[in-house]
Amino acid sequence: STSTNPFLNMPQSSIKSLFLELLSSEHPQATFISFCEYILKDCQDEQLIQSYFFNKAKKECFSRKKQKQLEIKTRNSFLKHKEDKSEDLLKVEDMEGDLQYMRSRIICECCVGRLMMLEDGEG
C-alpha cells in the first residue's frame, strides 16, 4: 500500500506517547483520524493493538463515564433539591460533548475491527 500515514515510520515509543496524548488532550481532528486509519489499515502489531491501544482506550472510556455519572448524579440531586422542574435532568447518555470519551470509544471500535481483520489473515 502507498499509505503516507505519519504514524507508519514512527518508533513504537513515540506512537505510544502520542496515543496517550490523543486520548487525554484535544489534538486536531486530522491527527486523530490519521491515527484511526493507522490502527485500521497499517498497524500489523496485534499485541500493540490489543494490549495497548485497546486496553488504554477502554480504561479511559470507563473512567470518563464514571466521572460523568458522578457529575450528573450530583447535578440531578441538586436540581431535585431545588425542585426546579423547568430544567431537564441530565442522562448518562449525555456523553456526546465529551471529546475524550468519544475518541476513546472510536479507538476501541477501530481496534476491534482491526483485530478481526488480522484474524482473517488480511495484510
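Over the ring of which residue does the charged end of K16 sit? In this predicted model, in which local features need pLDDT of at least 70, side-chain atom pairs count only at pLDDT 80 or more and totals for chains, interfaces and linings use all residues, the ring is that of Y52, with the charged end of K16 placed 4.6 Å from its centre; a charge is taken to sit over a ring if NZ of Lys or CZ of Arg is within 6 Å of the ring centre and within 35 degrees of the ring normal. Residues are numbered from 1 along each chain as its sequence is written, and side-chain values use heavy atoms, with hydrogens and water left out.

Within helix 1, I15, L18, F19, L22 and L23 are buried, that is, under 20% relative accessible area with a 1.4 Å probe and protein chains only. These residues cover an arc of only 140 degrees around the axis, which puts them on the same side of helix 1, the arc being that of the directions from the helix axis to the C-beta atoms.

The structure holds eight aromatic pairs, where rings of Phe, Tyr and Trp (its six-membered ring) pair if their centres lie within 6.5 Å, and planes under 30 degrees apart count as stacked. F19 and F35 form a stacked pair, at 5.5 Å centre to centre and with 20 degrees between the planes; this pair links distant parts of the chain, since F19 lies in helix 1 and F35 in helix 2 (residues 29–42), 16 residues apart. F35 counts as buried because its relative accessibility is 0%. One aromatic cluster is formed by F7, F19, F35, Y38, Y52 and F53.

Key: Buried < 20%, exposed > 50% of the residue type's maximum accessible area, 1.4 Å probe, protein only. Helix = DSSP H or I, 4+ residues; strand = E, 2+ residues; numbered from the N terminus. Phe/Tyr/Trp six-rings, centres within 6.5 Å; stacked < 30°, edge-to-face > 60°.
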